[in-house]
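Morning, everyone. Please look at the screen, and let's walk through this one together.

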Amino acid sequence: MKEIKCGIIGSGVIAPVHLESYRKVPGVTVRALCDIVPGKAQALADKYGVPRACLDYHEILNDPEIDCVSVCTDHASHGQIVADALDKGKHVICEKCLTATDTQLDLALKAHKRNPERVFAGVFQHRFEPANILLRKMIREGKFGTLLTASLNVACLRTDEYYNSDPWRGTWAQEGGSVLINQAVHHFDLLRYFLGEIDSLCASYSNRVHQKTIETEDTINAILKFKNGMHVTFCATSGSFAVPWRSGFFFTGTQGYLEYSEFKPVFWKFLDETLTEELGKKFAECEESKAIQAGKNYYGTGHPAQIADFIDAVRDSRAPFVTGEDSGETARAIHACYESARTGKWIQL
Ligand SMILES: NC(=O)c1ccc[n+]([C@@H]2O[C@H](COP(=O)([O-])OP(=O)(O)OC[C@H]3O[C@@H](n4cnc5c(N)ncnc54)[C@H](O)[C@@H]3O)[C@@H](O)[C@H]2O)c1
């Protein structure tokens, strides 16, 4: 098996998660780390025994030994780094949210069009959760009958200290928003994963409890009209001191109803009584399967799952499970939410 050599650009909070995920994949080594803040990449390299650290990501891109890069920087820098990496012949996996603006997104997507043989993946690790895969299958197989409504609520807490911890957080220019583009982005993406493409949307946002620290939104509401005709309501806030991390989806169809919280079913009823009886067991099996994590084609959950899939995609010259193009569509819908909130208009995607 040919050894795959990787580099990580951005050595902050999420970088060690990529590092540890690469180390779980046989035949993969992380050869270089980068961060513009002096000493930051070196400290991480020392901790994990990575042979090289640098300040300028072009050094990694110019190294012919490096096959793949993880982009783990702030949202607004993703587009340029992804485009540069693809143009230098690297395979790329880029953290969420793929970009902060449509212009940056187009930069990345055009670079992939120029280099279609390179693997380009966008991180949405919750798509690898067995329970989410099962729920998507149930929806696609019509187990709910005609889906009439769905709603999603994300309540989380990000404190002033959190927003002050890095200069890019809470800024339109670098984070590109806050609670939607950064925390609720995963759940918002799952709406697309479960229900398909969004046709149009309208949104409104506000800053309720972080006025002193951030210029972006800490609270947002939206109505999403999907191409299948469903209207979905969405709300999220990062000002929830009582419940620091909680999410819930509600699905109502002509044949079934499901309350799905923290990626687990909490209440359900289907006209098909067998399905109603079996559902708890099926989702319990999903929980068990998360613990097994064995075999080449079983990718476990979360980042290790997504990184393993990315490496296999590189080895097999195939598309990854979450393509850059697909994660880009979620980014585009998120940018549209902000545009709608600013203009007061419905946005057609
Ligand atoms: N998938 C997840 O669950 C998850 C969780 C946390 C963060 N993230 C994402 O990961 C990314 C980084 O988030 P974080 O929390 O690690 O942020 P962070 O601020 O801790 O780290 C980002 C690092 O990138 C560096 N950087 C910025 N521009 C650079 C450049 N041009 N070249 C080299 N380094 C540069 C910064 O100096 C910083 O150290 C974001 O996109 C974030 O949304 C994803």
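A quick definition before we start: a residue is near a molecule if one of its heavy atoms lies within 4 Å of that molecule. Keep in mind that this is a predicted model.

Now the ligand. How many residues surround it? The count is 26. The closest are Asp35, Lys40, His75, Lys96 and Trp168.

What kinds of residues make up this shell? Ten of them, written 10 on my slide, are nonpolar. Nine are polar, and seven are charged.

Where do they come from? Both domain 1 (4-125 + 298-321) and domain 2 (127-292 + 331-348) supply at least three residues each. Next, which helix gives the most to the shell? That is helix 4, residues 75-87, with three residues.

And where does the ligand sit? In the largest pocket.

Let's go through some polar contacts. Start with tryptophan 168. A polar atom of its side chain is 2.7 Å from an oxygen atom of the ligand. Remember that Trp168 was also among the closest residues. Next, histidine 186. An N or O atom in that side chain lies 3.3 Å from a ligand oxygen atom. Isoleucine 36 uses its backbone instead: a polar atom there is 3.4 Å from a nitrogen atom of the ligand.

How much of the ligand does the protein bury? On its own, the ligand exposes 850 Å². The protein buries 88% of that.

Two backbone details to finish. A cis peptide bond links lysine 96 to cysteine 97, with omega at about -20°. Cysteine 97 lies in the loop that runs between strand 5 (91-94) and helix 5 (102-114).

Second, glutamate 262. This residue is not a glycine, yet its phi is positive, at about 55°. Where is glutamate 262? Look in the loop between strand 12 (256-261) and strand 13 (264-270).

Terms used:
Residues numbered from 1 in each chain as written. Predicted model: local features only at pLDDT ≥ 70, side-chain atom pairs only at ≥ 80, totals over all residues. Heavy atoms only, no water. Polar contact = N/O pair within 3.5 Å; in protein donor to acceptor, adjacent residues only side chain to side chain. Areas by Shrake-Rupley, 256 points an atom, 1.4 Å probe, with all protein chains shown as cover. 1 Å grid on protein atoms, 1.4 Å probe; cavity = no way out; pocket = protein on both sides within 12 Å on 5 of 7 lines; lining within 4 Å. Sits in = over half its atoms within 2 Å of the grid points. Helix = DSSP H or I, 4+ residues; strand = E, 2+ residues; numbered from the N terminus. Nonpolar A, V, L, I, M, F, W, Y, C, P; charged D, E, K, R; others polar. Domains from an automatic or database assignment.
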